[in-house]
Amino acid sequence: MSNSSLVTYTKLSPHYDSREGTPITDITIHHMAGNLTVYECGEVFQTREASANYGIDGEGRVGLYVDEKYASWANANAASNRRSITIELANDEIGGQWHVYDKAIEKCIELCADICRRNGIKKLYYTGDTSGNLTRHNMFYATACPGPYLQSKFPYIESEVNKRLTMKNGWIKEGGEWYFYKNGKKLKSQWVHDSKWYWLGKDGKMVKSNLITYKGDKYYLKSDGVMASNEWIKFENGWRFFNKNGKMRIGWLKWKSNFYYLDSKGYMVTGGRNVPCTFDSDGKLVIK
Ligand SMILES: [Zn+2]
C-alpha cells in the first residue's frame with residue numbers, strides 16, 4: 001500500500017490505529033477549523049489526540065500525517081476511520097461560512113482522484129448520508145465540521161473527482177507504443193519519472209534505443225525506455241558512458257579505479273589514439 005505522490009511534507013502522527021483488514025472504500029473530507037499550514041497541522045497532530053491521513057493548506061501543499069495503511073483518528077467513529085482516507089482542508093475564513101481555500105479544494109480533488117486510483121475505488125458517491133463513500137465528519141459526530149461552505153462543495157468535489165477517474169492517466173499502450181497521460185492529456189517532449197526516468201518524444205511516444213539532447217546534454221534511453229544511468233552503453237561506433245544523472249560524459253572518466261577518455265562525441269578512446277591532456281599548476285592531471 002502506498003501514499004500519494006502529491007505529498008510535499010510528512011510529519012507522522014503517533015495517533016492512528018490498524019485498519020484491522022478493512023479495505024479502503026471511503027474518503028472523508030474535513031476542514032481544519034483554522035488557517036493552518038501543512039507544517040502547523042502536523043504539529044497539532046503530534047500532541048492533540050487526533051489526526052488525519054492528509055492535510056492541505058492554502059498554498060495547495062499536501063501533508064501526510066498517517067500512512068494510508070493505517071486508520072487515522074479523524075471521524076470520531078472507529079468503523080469509519082478504518083474504511084476511510086481522511087483529509088483536512090485549511091480555512092481562509094474563521095467562523096461564518098468557514099470558507100475553505102480554493103487552492104485547497106482543487107488540490108483535494110486531485111488527491112481524491114489519486115487515492116481512488118491507487119486503492120481501486122472506481123467512483124465516488126456523495127449521497128448526503130453514510131450510504132455514500134464520500135463522507136463528511138458531521139455524518140458521524142455532532143460537529144460543525146466541515147462547515148457550511150465546504151459542505152456545499154461536496155457535489156462539486158464528487159463530480160470533478162469522477163471526471164478525472166474516467167480520464168486517461170499514466171502509461172497507456174496505443175498502437176504498440178507507450179504514451180503517458182495526465183488527466184486525459186498526452187504528455188510530450190518531457191521526462192517522466194516513474195521509479196526510473198523516461199523521455200517522451202515530440203509525438204508523446206516513449207523513446208527507446210535512442211540518444212536525445214536535453215538542455216545541451218545527451219542522454220540515452222535503453223531498449224525498455226529507461227534512461228541509462230551510471231553505465232556504459234555500446235553504440236555502433238564504440239562505448240559511451242552516462243553518469244548517474246543520465247548525462248553523457250566527455251573527457252576523462254575514472255571508473256572502477258581505471259581512467260578512460262571519452263572524445264568529443266562521447267566515444268571511449270581505444271587503440272593507442274592520442275588525447276589532449278591538461279595539467280594544473282601543481283602538475284596534476286585535470287579530471288573534470
Ligand atoms: Zn472534522
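Analyst: Residues count as in contact when their C-beta atoms, placed from the backbone, lie within 7 Å. This is a predicted model, in which local features need pLDDT of at least 70 and side-chain atom pairs pLDDT 80 or more, while totals for chains, interfaces and linings use all residues. Numbering starts from 1 along each chain as its sequence is written.

User: Which elements are included in what covers the buried residues of α5?
Analyst: In α5, the buried residues are Ile157, Glu158 and Val161 (buried: 20 or more other C-beta atoms within 10 Å of its own; exposed: 12 or fewer; partly exposed: in between). Among the elements that cover these buried residues of α5 are a helix and a strand (DSSP runs numbered from the N terminus, H or I of at least four residues and E of at least two). They are α3 and β8 (134-136).

User: And which residues are exposed on the other side of α5?
Analyst: Start with the buried ones, Ile157, Glu158 and Val161. They cover an arc of only 100 degrees around the axis, so they sit on the same side of α5 (the arc is that of the directions from the helix axis to the C-beta atoms). On the other side of α5, the exposed residues are Pro155, Tyr156 and Thr166.

User: Which element gives the most to the largest nonpolar core?
Analyst: That core has 39 residues, and Ile56, Ile87, Leu89, Cys108 and Cys112 have the most contacts inside it (a core is a set of buried Ala, Val, Leu, Ile, Met, Phe, Trp, Tyr and Cys joined through C-beta atoms within 7 Å). Elements giving it two or more residues include β3 (26-31), β7 (84-89), α3 (102-119) and α5 (154-166). With seven residues, the top contributor is α3.

User: How many residues are in the second, separate core?
Analyst: Leu200, Tyr220, Leu221 and Phe241 are included in it. Of these, Phe241 in β17 is the bridge partner of Trp232. The size of this second core is 13 residues.

User: Which residue in the turn between β14 and β15 has a positive phi?
Analyst: Strands β14 (210-214) and β15 (217-221) run antiparallel and are joined by five bridges. Tyr214 has Asp217 in β15 as its bridge partner. The hairpin has two residues between its strands, and the one with a positive phi, about 50 degrees, is Lys215.

User: Is Trp252 buried or partly exposed?
Analyst: Trp252 lies in strand β18 (251-255). Cys277 is 25 residues away in sequence, yet the C-alpha to C-alpha distance is 9.1 Å. Because Trp252 has 16 C-beta neighbours inside 10 Å, it counts as partly exposed.

Key: Two residues are in contact if their C-beta atoms, placed from the backbone, lie within 7 Å. Two strands pair if DSSP finds at least two bridges between them.
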